[in-house]
Amino acid sequence: MDFSLTKEQELLRKAVAGFLSARYDLERSRGAVKTGPGWQPAIWRGFADELGILGATLPEDVDGMGGGPVELMVIAEELGRALVVEPFVDTVVIGAGLLRRSGGKQADSILRQIVSGESRTAFAALEPASGHTLHDVATTARRDGDDWVLDGTKVVVTSAPLSTHLIIAARTAGDRRDKAGISLFLTEFDVADPPAGVEVHTYRTIDDRLAADLTCTGLRLPADALLGAEGAAWDVIEPTVDEAIAAICAEAVGCMSKVLTDTVEYTKQRQQFGVPISSFQALQHRMVDMYMEHEQAIAATYLAIHSLGGTAAARAKAVSAAKVTIARAARFIGQNAVQLHGAMGMTEELAIGHYFKRLTAIESEYGTSDAHLARYAALTR
């Protein structure tokens, strides 16, 4: 398997890295989350107009560039290295993936708006009792004349406060944990003026991202809000979420690369007993262990990325293996980086603390290690 990048992919990496190095300031980014709108619209506009990365992996028939999984990996890794909070995965991977696989004129219209930077999406999937099991759906959708009426509660809808559209998973048939009978519904959304029948509770997550809990009570949507075939959404959701997991694994690789580099540089500068602490053999061994975890994470992510175009079983196994590997590496590298920096590693002033919080969130995002180990085991029987 060839893991080398093409000339075009290397140029893409350099373009994204250069843009973020020049334009994406960590302090300004955190300020936008904590005291501002939660993101930087000018950066998002730059992603669309200057870099074109919002359409880099989308088909040409919706104004995208027709790139594939490797282009996604390159972009996500650089976004992770810069600790970008703008909703790239939620919109370009999850939202666009659900729309693209569902098909239809309305889906194509929103996809074009995603490419141009006009639309941002959030996926309302998880529920209070579902944990990380995406097919555990108690929210219901029933027909009422020409309309659909939705009732239920969704939790931890990441990027909902920033979104222009929601994609809601609701059950139109079957029992609560059945994979069959789940449908997807698209609706316009504005957190300042939510649709009638939707109660919104917004908050900031530990990794400085915005999310919301949504309660739908008689949410009425038109007939064309249904995406794809009624009751067949699981075949759309599963590959899309696997693609998102591969993307956040690449993001984590970028985060860990930055954390490792900063930690090595810090140990060269910090002195104790008149010498840099990087000269202590015990700390050298610690940083070598961190480096090895990072290399394993890179290899697992590459395998997951290259599996996205394969069979469903091969894709699922590689993605779950990567998620487990990333979770282990993220914890090991993050915790050791903080320890090597001392107490200042967890302060708001130092970048390392922000990266550690994001790596901690990635550990359980789209499923815990235990859930992915169980999935991998089930696929190898």
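Which loop is D63 found in? D63 sits in the loop between α3 (41–51) and α4 (69–81), where helices (H or I, at least four residues) and strands (E, at least two) are DSSP runs numbered from the N terminus. Its phi is near 75°, a positive value in a residue other than glycine. Most residues other than glycine have a negative phi.

Hello everyone, and a word on the ground rules. This is a predicted model, in which local features need pLDDT of at least 70 and side-chain atom pairs count only at pLDDT 80 or more, while totals for chains, interfaces and linings use all residues. Residues are numbered from 1 along each chain as its sequence is written, and side-chain values use heavy atoms, with hydrogens and water left out.

Y366 is found in the loop between α10 (351–364) and α11 (369–379). With 22% relative accessibility, Y366 counts as partly exposed; on this scale buried means under 20% relative accessible area, exposed over 50%, and partly exposed in between (1.4 Å probe, protein chains only).

Now the domains. UniProt, in an unreviewed entry, lists "domain: Acyl-CoA oxidase/dehydrogenase middle" at residues 122–204; its annotations may be inferred rather than shown by experiment. In the model, that span is 0% helix and 49% strand, and its end C-alpha atoms lie 15 Å apart. For "domain: Acyl-CoA dehydrogenase/oxidase C-terminal", also from an unreviewed entry, UniProt gives residues 234–375. Here the span is 80% helix and 3% strand, with 16 Å between the end C-alpha atoms.

On to aromatics. Rings of Phe, Tyr and Trp (its six-membered ring) pair if their centres lie within 6.5 Å, with planes under 30 degrees apart counted as stacked, over 60 as edge-to-face and the rest as tilted. By this rule the count is four aromatic pairs. One of them is W148 with F185, edge-to-face at 5.1 Å centre to centre and 65° between the planes. W148 lies in strand β3 (residues 147–158) and F185 in strand β5 (residues 182–188), so this pair ties together parts that are 37 residues apart in sequence. W148 is buried at 2% relative accessibility, and F185 is buried at 0%. Elsewhere, ring pairs link F19, W39, W44 and F47 into a cluster.

How many salt bridges does a search of the whole structure find? There are 29, taking a salt bridge as a side-chain nitrogen of Lys or Arg within 4 Å of a carboxyl oxygen of Asp or Glu. Among them, R220 pairs with D147, the closest N and O atoms being 3.3 Å apart. That pair links distant parts of the chain, R220 in strand β7 (residues 210–221) and D147 in strand β3, 73 residues apart. By contrast, D49 and R45 meet at 3.6 Å, N to O, and they are separated by about one helical turn because they are four residues apart in helix α3. D49 is exposed, at 53% relative accessible area, whereas R45 is partly exposed at 35%.

R209 and D207 also form a salt bridge, with the closest N and O atoms 3.5 Å apart, and both residues are buried. They belong to a network of salt bridges that links D207, R209, E251, R358 and E365.

Last, the cysteines. The whole structure has zero disulfides, a disulfide being a pair of cysteine sulfur atoms within 2.5 Å. The sulfur of C255 is 12 Å from the closest cysteine sulfur, in C249, so it is too far for a bond.
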